[in-house]
Amino acid sequence: MNSAVVATPLKAQAFKSDYKPIWCPGCGDYSVLSSFTKAFANLELRPENVAVVSGIGCSSRIPAYTSCYGFHGVHGRSLAAAAGLKLARPDLTVVVASGDGDGYSIGGNHFLHACRRNVDLTYVVMDNHVYGMTKGQPSPTTEPDWDSKLSPGGTGLRTFNPLVIALAAGANFVARAFAGDPNGTADLIAEAIRTPGFSFVEILSPCITFRPEQREWKQLVRPSPVTYTADAAQAARRLMTDDGLNIGVLYKGDRPPYQPPVGKGKKRPSDLEVEFAL
Amino acid sequence: MSTKKSVKKVKKPAAKTGAKKTLKNAPKKAVKKSVKKTGVAAAAKRAASKSAKAQPVASAADFMAHAYAMEAEAAERYAEFADSMEMHNNLEVAELFRKLSRIEQRHADQILEQMGWKQSPVSAANVRWEGMEGPETADPTELHYLMQPYHALQIALHNEKRARDFFAHLAKVTKDAGVRAGALEMEEDEAEHVHLIEEWLARTPKPDANWEADQDPPVLSD
């Protein structure tokens, strides 16, 4: 029989697995999961064509909750695994999920070089300014005066500014979203996926257990008053006055994504085994 | 947790659309109001997958598609809440959220039935509201792993009030007589739902003052 099978677009629910999240009730990551699945559905992707890669932490549990291919990897090393996967399988849509501890501290160096290399990945960081999974230690984005049992009086340390770093290091798409706006976040993730090269989406995702005051983010975030720019210098100037609560795309460039040299790297796993055999 | 406070935070509704709802699963005193076949058109929002800026709908069918999205989104959110509570072994509240989800889903299904649709022409995932979410969609940050049915009902009450106030606002600002009539009708239904949940709350035990007390709290303390 010679019949063509036309794939009908899937609903967002089709991208969810049968595993139920074990995040704390009220965690912003539930909404981010919903945004992932909505973005995949809006882009008319198929679960078998998407890989969700993560490191360690609350946010990094996301691959298990999707019906896509998933890789729950080593702390801070999600970008390395994802880059390898994308270069080996350029046909896949590769989305990386991380948190502010996994992505900016343990994985900080990978973040810099992933931006610089510009492999066609979408990097989504769920930022709650705290290490939630390990009981609330300060993370790189924790405010210097955040007082807690584990950091009496605060760390006194300057916060890491992920958008500034992404822009300076060469990310081709830089945006900020808010978990409490799941449809808007889905749009941003979809736009990040559509944009070739390394796309970075920072999502403010409240940790209601260790940072209950982050519930107020809903009243504080706002759409960015200006549209995105393709001029990195202009984007950098905007960040100088950014208070961390503007939502939307900041920068979208046109740098071509990294492509492996043609004719090389086409070895089969069995060839590599021979080459690297002791 | 802010569940107790949240129900008071009824904001001025942004322009949204909604549908009639049925609360017939509410325990004891139930109500059944099907989605009415009125000529409801409204200043709702057009699906805008490429733009966060919502646009007014142009027809009754478009309006109903958005009404469907509103109900479906509310149902999905309550189902997520139920899963979350189940995972944390708060089975009583999980069941209550499951029930609320079923009620909202039934409203969504009624819209499909009324319109003769197998599925909505506009995917719920593509609908954009003027605010961050639909007027009946519950706020996830109001949850607490030790919350009680009373708290869950407060959340539901808050959402019904938001929907009621939305339709009241819509009826007030629209220049279209048909829209006004539809919005007023819906406002009336929503007001009835508010009343029903208030009755439900009155039959539900109020939590103790120390309901949040946990012998093994997640946050380190002295």
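## Exercises on a two-chain model

The contact between the chains draws 26 residues from chain A and 23 residues from chain B, where two residues are in contact if their C-beta atoms, placed from the backbone, lie within 7 Å. This is a predicted model, in which local features need pLDDT of at least 70 and side-chain atom pairs count only at pLDDT 80 or more, while totals for chains, interfaces and linings use all residues. Residues are numbered from 1 along each chain as its sequence is written, and chains are lettered from A and ligands numbered from 1 in the order in which they are written.

**Exercise 1.** Find which helix of chain A gives the most to the side that touches chain B.

*Solution.* Begin with helix 1 (29-42) and helix 6 (182-194) of chain A, each of which supplies at least two residues of that side; helices are DSSP runs of H or I with at least four residues, strands are runs of E with at least two, and both are numbered from the N terminus. Helix 1 of chain A gives the most, with five residues.

**Exercise 2.** Decide whether A:Asn118 is buried or exposed, and do likewise for B:Asn89.

*Solution.* A residue is buried if 20 or more other C-beta atoms lie within 10 Å of its own, exposed if 12 or fewer, and partly exposed in between. A:Asn118, in the loop between helix 4 (108-117) and strand 4 (122-127) of chain A, has 21 other C-beta atoms within 10 Å and is therefore buried. B:Asn89, in the loop between helix 2 (60-87) and helix 3 (91-115) of chain B, has 8 such atoms and is therefore exposed.
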